[in-house]
Amino acid sequence: MKSKKLNRKILISLFGIIAIFVLSMPVLGFYVIKKNIIERAQAKVKNDLNTARLIYQDEIEIIRDVIRFTALRFFVRDAISSNDIDTLKKQLEEIRKAESLDVLNLTDENGKVLVRSRNPLLYGDNQAHDELLRHAISDKKAVAGTMIVSRDELIKEGQDLAERAFMKLIPTPKAKPTSETELTTGMMIKAAAPVLGYDGSLVGVLYGGTLLNRNYEIVDRVKQTVYQKIKYKGRDIGTATIFQGDVRISTNVRTEDGSRAIATRVSEEVYEQVLTKGLDWVDRAFVVSDWYKTAYEPIRDINGRTIGILYVGILEKPFTDMERNTFLVFLMIVLIATLLACVLSAIPAGAISRPVTNMLQATRKISEGNLGYKVDAQTGIEELNILAASFNEMSTRLDEREQNLKVANKKLAELNKTYLDLVSFVSHELKGILASTTANAYSLQDGLLGTINDEQKRAIHSITRNLGYLAGTLSRFLNLSRIEKGELELHRTEVSLREDVFNPSLEAFAREAAEKQMEIVNNLQPQLKAKCDKDFMLVVANNLVGNAILYGFNKGKVVLNSKEVGEKIQIEVYNDSRPVTPQEKERLFKKFSRLDTAETKQAKGTGLGLFITKEIIAKHGGEIWIEPKEQGNSFIFQIEKDI
Amino acid sequence: MAKKKIVWVDDDEDIITAFQPHFEKRGWQILSASSAEQGKTLIQQEKPDLIIMDIIMAGEHGYAAIKDLKNEPGLANVPIVIYSGVTHRWGETTASRLDAVRTEADAFVDKSEKPSVLINTVEQQLE
């Protein structure tokens with residue numbers, strides 16, 4: 001995974017959370033607003049429809065009561081019994097006008113019209129076919145309801161009434177297709193009441209009603225009651241309509257030109273639901289020219305047949321506008337809150353990441369050697385404080401240890417220096433004494449200070465041999481201590497291995513070789529050169545040549561051979577001697593190990609020479625080994641030429 | 001063949017005495033000096049064929065003396081053999097100073113070596 005900076009990572013996480021909120025809030029807001037505004041609007045319309053129905057129902061009852069109470073009046077009964085038609089005509093016409101009825105007629109007990117108050121010239125026709133009248137006659141009770149009235153009947157009541165009902169249908173989008181082009185019938189709220197004689201017998205029927213077509217009283221009352229005069233952008237917010245069938249016959253829905261939208265028709269959808277199925281319709285609907293939240297319910301005649309529709313609607317625009325505005329405000333709040341959240345989230349991100357970054361820097365400081373570096377342990381985050389405290393503790397400990405180490409190292413260095421000075425002094429002093437003693441002994445042995453007898457010679461010989469051993473031992477121990485202290489540093493120069501190393505070594509041991517009557521064969525190539533430490537190579541040569549002479553057979557051969565093997569020089573020091581066994585071979589180069597043989601017993605040794613030799617050769621990037629031969633042994637080593 | 005003249009500077013006179021017979025046997029004359037200062041004066045006077053120089057001495061050390069001698073125009077060609085008990089790398093200061101001076105000297109023989117090693121070295125340097 002690609003690693004990011006902590007700060008950025010925390011911020012991204014926080015922004016992610018914020019983003020989820022930001023994205024979910026509008027969805028939630030949209031849902032809540034819709035639920036609260038739109039659905040409430042819809043619910044309100046449903047309630048408004050109930051109010052409208054009550055008003056409509058009220059209108060029916062008012063008419064019924066007018067008819068009922070008029071039928072109970074004495075003059076009606078008296079005039080019928082005395083056949084005083086003129087009085088009836090006069091009185092009824094007055095009542096019709098006073099009660100704003102379109103029709104107020106009186107029939108005899110069989111339904112034959114006695115008085116037609118609006119059109120007094122026409123009478124005598126039988127209205128017993130009228131449902132209401134039939135009910136009033138048979139039940140002797142007042143009845144009322146909404147009825148469809150035919151054109152003929154309307155004309156009977158007055159040409160003007162027929163004309164008020166007449167409408168040329170206006171083509172309406174979404175309406176159910178129809179072949180009809182005009183509406184000739186009318187819809188009336190009608191009531192009928194029996195007129196009873198003093199003996200309780202039926203003497204006549206009084207009936208009347210109001211034509212709803214182009215009568216705006218009810219719809220305007222609905223509007224007035226439910227919506228007062230609230231307008232939205234110049235438009236009435238609330239509307240009410242009465243349909244005859246699917247045609248608007250009374251409405252306060254306005255067309256574009258501001259006139260009442262009568263003669264237009266209901267949409268097919270509503271038609272099917274309300275007129276065909278006789279059910280309510282509550283939904284948004286496109287009414288004439290605007291979207292409304294609407295409710296429709298059927299208007300039924302007294303037989304329960306659906307003959308029209310009662311409608312109320314609230315202009316949808318105020319609600320959608322409110323919805324939109326609320327949503328915009330909501331979005332603004334969310335947006336501001338988001339911005340604030342983003343800005344504020346940087347604070348905890350910083351609070352977390354800053355101490356971590358500081359600690360990171362602190363670890364870098366410590367790794368750079370600035371031990372004891374501290375971080376702030378007051379970050380406001382408990383876990384980070386604990387971490388910081390532990391870190392500081394660690395830092396302090398590290399620093400302490402470092403200081404202790406420095407002190408210890410200083411002490412060690414001082415001790416070492418003292419030791420080295422001591423060794424230097426001792427070696428210098430001892431070597432000086434050894435050198436002069438040895439030189440003196442050789443002077444005696446060689447007869448430089450006068451002739452000595454054989455016995456004296458042997459004694460002196462022993463002295464010189466032991467002094468030589470002492471000197472060798474001393475230098476080996478010094479070399480060993482250098483190796484063990486890791487001071488074996490090479491000072492490489494170009495060295496001729498024959499001239500500078502092995503010849504001096506052979507010369508140094510010439511006396512011993514002569515004493516053992518050995519034959520020395522030096523086959524080393526004169527041009528053999530290596531970049532090596534001359535002093536150390538002398539130690540090697542002295543060890544190998546010394547061993548070869550010391551442990552070789554009397555009258556034996558010592559042979560030096562050389563060759564180049566790739567980038568390495570190989571030198572072989574052979575002597576005639578007893579070949580070493582495999583077990584001996586293993587021990588040969590180990591520290592303080594000496595072979596327990598007759599030859600080695602005769603000669604003294606520290607068991608250090610070959611160990612030191614091996615270490616020096618290893619330092620020169622080479623190796624040394626022994627190869628037992630038929631009549632002797634070969635010590636062979638290789639070192640890098642490095643030239 | 002004229003006798004070879006060798007100036008030997010060492011504060012340990014025993015060592016010079018001990019080698020006396022060996023050097024005389026080979027026809028070499030030893031002129032001894034027990035300090036670096038004395039040695040330098042002697043060398044100026046005698047113009048020897050070879051100089052043997054100790055390193056650690058009371059007074060001036062052999063390091064400085066060798067440098068001085070090698071810088072002396074008339075003496076630059078006179079071979080100098082260091083004969084010292086100081087092995088070449090004891091301690092930091094000794095090691096670096098010794099290394100420096102060894103490059104100026106012509107040969108180095110450790111005092112733990114056999115007398116013959118010194119004698120052979122001197123013989124070589126005189127040739």
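Start with a salt bridge: the side chains of A:K431 and B:D110 meet at 3.0 Å, N to O. By salt bridge I mean a side-chain nitrogen of Lys or Arg within 4 Å of a carboxyl oxygen of Asp or Glu. A word on the ground rules: this is a predicted model, so local features need pLDDT of at least 70 and side-chain atom pairs count only at pLDDT 80 or more, while totals for chains, interfaces and linings use all residues. Residues are numbered from 1 along each chain as its sequence is written, chains are lettered from A and ligands numbered from 1 in the order in which they are written, and side-chain values use heavy atoms, with hydrogens and water left out.

How many salt bridges are there between chain A and chain B? Two. A:E512 and B:K114 also form a salt bridge, with the closest N and O atoms 2.9 Å apart. A:E512 sits in helix α13 (residues 510-515) of chain A, and B:K114 in the loop between β5 (107-110) and α5 (115-126) of chain B, so this pair joins two chains. Helices here are DSSP runs of H or I with at least four residues, strands are runs of E with at least two, and both are numbered from the N terminus. Both A:E512 and B:K114 are buried. Buried means under 20% relative accessible area, exposed means over 50%, and partly exposed is in between, with a 1.4 Å probe and protein chains only.

Now the whole interface. 33 residues of chain A are in contact with 31 residues of chain B, where contact means heavy atoms within 4.5 Å. The area buried between the two chains is about 2700 Å², and carbon and sulfur atoms give 58% of that. Buried area is the accessible area (1.4 Å probe) that two parts lose on being put together, summed over both.

Salt bridges across the whole structure next. Over all chains, the structure holds 42. One of them pairs A:R134 with A:E131, at 3.5 Å, N to O. These two are three residues apart in helix α4 (residues 131-139) of chain A, so about one helical turn separates them. A:R134 counts as partly exposed because its relative accessibility is 44%.

Over in chain B, B:K70 forms a salt bridge with B:D106, the closest N and O atoms being 3.0 Å apart. That pair links distant parts of the chain: B:K70 is in helix α3 (residues 62-71), B:D106 is in the loop between α4 (92-104) and β5, and they are 36 residues apart. Buried or partly exposed, B:K70? At 16% relative accessibility, B:K70 counts as buried. B:D106, at 38%, counts as partly exposed. Back in chain A, salt bridges that share partners join A:R116, A:D125, A:E153, A:K156 and A:E157 into one network.

Chain A overall. Its secondary structure comes to 17 helices and 21 strands. Of its 643 residues, 45% are buried. Take A:T464, placed in helix α11 of chain A. It counts as buried, at 3% relative accessibility. Leaving out residues up to four places away in sequence, A:T464 touches A:A441, A:Y442 and A:Q445.

Last, the cysteines. The disulfide count over all chains is zero, a disulfide being a pair of cysteine sulfur atoms within 2.5 Å. A:C532 is buried at 0% relative accessibility, and A:C342 is partly exposed at 24%.
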